[in-house]
Amino acid sequence: MSGSRHNVDHASDGPPPDTTTDGEQALTPETAALSVDGLSKTFGSGEDKVTAVDDVSFTVEPGEVVGLLGPNGAGKTTTIKSILGLVLPDEGDVRIQGVDVADRPRRAYEHVDAMLEGARNDYWRLTVRENLRYFAAIRGNDPDTLDDRHTELLEAFDIAEEADTEVRDLSRGMKQKVSLASVLAGDVSVAFLDEPTLGLDVESSLTLQRELVRLVEERELTLFVSSHDMDVIEAVCDRVIIMNQGRIVVDDTVANLLDGFETTGYRITARGLDEPTLADLQDRFELSAVERLDGRVRFEVAADSATFYRLTDALEAADVELGGVETVQPDLAEAFLEVTGNGDSLANGATGGTDQ
Ligand SMILES: Nc1ncnc2c1ncn2[C@@H]1O[C@H](COP(=O)(O)OP(=O)(O)OP(=O)(O)O)[C@@H](O)[C@H]1O
């Protein structure tokens, strides 16, 4: 078991949930959209042995949008491929909508689809709409009943005008959109999107982010999104799982993760700050990014509000004039760097007390 299951895993708590009542209820591997328990995968042997995934566990609620982040080689793809049955894990249980993927794979993957590594095997000689119909059909849906949905998807992703164009004649970005639309073309309730915005321009990426959010709400879709693009994760995901070296180092809501940093940083510009006073401050507070400007010193300080006031008192006592104070609000990209650079301490700090 991973030590970082902060969010929704109440699998071992008490009796089975009453699924007929609304509101908060315990999530179990049976009621979760996705449950991963003790997943491990090692490649190679001897000196070449690589532990790609090391005892990873998490649970995803129906309708939840989870972002999977991690530096290169963290184990994200291996985790997703293990969930999808494309890699055979050494250990661990995976259930999708309560069905064990090892025991009943056909049933487990019935409503699951995926776009891996930013691409998908769309049929380049078929038109855009034919691809959507094809992928709906192999999901077991009658494509004739899904015409409206397909039109809506094509409009949402801004490719309606290309509906009758063969995919091979489209630009890379358009192909990417077709891939995504074809994942959502059938009756899918759990979708895995690996780098969904890869190769898209900024505008297309924003359209796609907005439409994903809308589709998730409309269809109660459970989405698992892996991306190096933090803006996408921040815009689309409720929750983020950060992996490093095969393990989960953070599993929390995006809001909580960012809250863990809130007001922890100030950027201060001071006039009349001499070197001995600066040295004294450096001894007493966590200063960083110190810049000596023309007659001024600018620095950042990691501080809660009480520490911040002690610092400003110290500046006042030394007759230093405050030229400016800004709070430093980290975004997900900064949070991610902190977490993966300094895994354990931040994983605890940023997620502490957030168990639900
Ligand atoms: N088929 C394989 N054979 C040997 N080693 C592998 C294989 N697949 C993955 N690995 C290794 O397992 C580790 C995790 O790789 P994985 O691709 O899961 O990471 P990732 O987080 O998806 O990385 P990236 O962001 O670069 O795609 C890496 O060290 C990788 O080299």
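How many bridges join strand S11 (residues 265-271) to S14, and in which sense do the two strands run? The legends below take up this question and several others, and every view is drawn from a predicted model.

**View A. The pairing of S11 with S14.** Six bridges join strand S11, which covers residues 265-271, to S14, and the two strands run antiparallel. Within this pairing, Arg267 has Glu326 of S14 as its bridge partner, and Arg271 stands opposite Glu321, also in S14.

**View B. S11 and its pairing with S13.** Strand S11 also pairs with strand S13, which spans residues 296-302, and this pairing is antiparallel and runs over seven bridges.

View C. Four strands form an open sheet in the order S12-S13-S11-S14, and their pairing is antiparallel. The edge strands are S12 (286-293) and S14 (321-327), each of which pairs on one side only. On average, and with direction ignored, neighbouring strands of this sheet are turned by 20 degrees against each other.

**View D. A second open sheet of four strands.** Another open sheet has the strand order S2-S1-S4-S5, again with antiparallel pairing. Strands S2 and S5 (99-100) stand at the edges with a single partner strand each, and therefore one side of each is left without a neighbour in the sheet. Strand S4, made of residues 91-96, pairs with S5 in the antiparallel sense over two bridges, and in S5 the bridge partner of Ile96 is Val99. Helix H1 packs on the sheet, where it touches strand S1 (34-43), S2 and S4, and the direction of H1 makes about 120 degrees with that of S1.

**View E. S1 between its two partner strands.** Five bridges join S1 to S4, and these strands run antiparallel; in S4, Asp93 is the bridge partner of Asp37. Strand S1 pairs with S2 as well, in the antiparallel sense and over seven bridges, and in this pairing Thr42 stands opposite Thr51 in S2. The hairpin of S1 and S2 has six residues between the strands, and in it Gly44 takes a positive phi near 70 degrees.

**View F. The surroundings of the ligand.** Which residues surround the ligand? They are Phe43, Gly44, Val50, Ala52, Gly70, Asn72, Gly73, Ala74, Gly75, Lys76, Thr77 and Thr78, and Gly44 is the residue with the positive phi in the hairpin of S1 and S2. Strand S2 (50-60) and helix H1 (76-83) each supply at least two residues of this shell, and the largest share, three residues, comes from H1. When the residues of the shell are divided by class, four are nonpolar, seven are polar and one is charged.

**View G. The crossing of H3 and H5.** The axes of helix H3 (residues 128-138) and helix H5 (residues 172-183) come within 8 Å and cross at roughly 30 degrees, which means that H3 is roughly parallel to H5. The crossing of the two helices is right-handed. On the H3 side, Val128, Asn131, Leu132 and Phe135 take part, and these meet Val178, Ala181 and Ser182 in H5. Sorted by class, the contact of H3 with H5 has five nonpolar residues, two polar residues and no charged residues.

Definitions and conventions:
Residues are numbered from 1 along each chain as its sequence is written. This is a predicted model: local features need pLDDT of at least 70, side-chain atom pairs count only at pLDDT 80 or more; totals for chains, interfaces and linings use all residues. A residue is near a molecule or strand if its C-beta atom, placed from the backbone, lies within 6 Å of it. Ala, Val, Leu, Ile, Met, Phe, Trp, Tyr, Cys and Pro count as nonpolar, Asp, Glu, Lys and Arg as charged, and the others, Gly among them, as polar. Two strands pair if DSSP finds at least two bridges between them. Axes are lines fitted to C-alpha atoms, for helices over the stretch in contact, and angles run from 0 to 180 degrees between N-to-C directions. Two residues are in contact if their C-beta atoms, placed from the backbone, lie within 7 Å. Angles under 35 degrees count as roughly parallel, over 145 as roughly antiparallel, 65 to 115 as roughly perpendicular and the rest as oblique. A crossing is left-handed if the near helix is turned anticlockwise from the far one by less than a right angle, and right-handed if clockwise.
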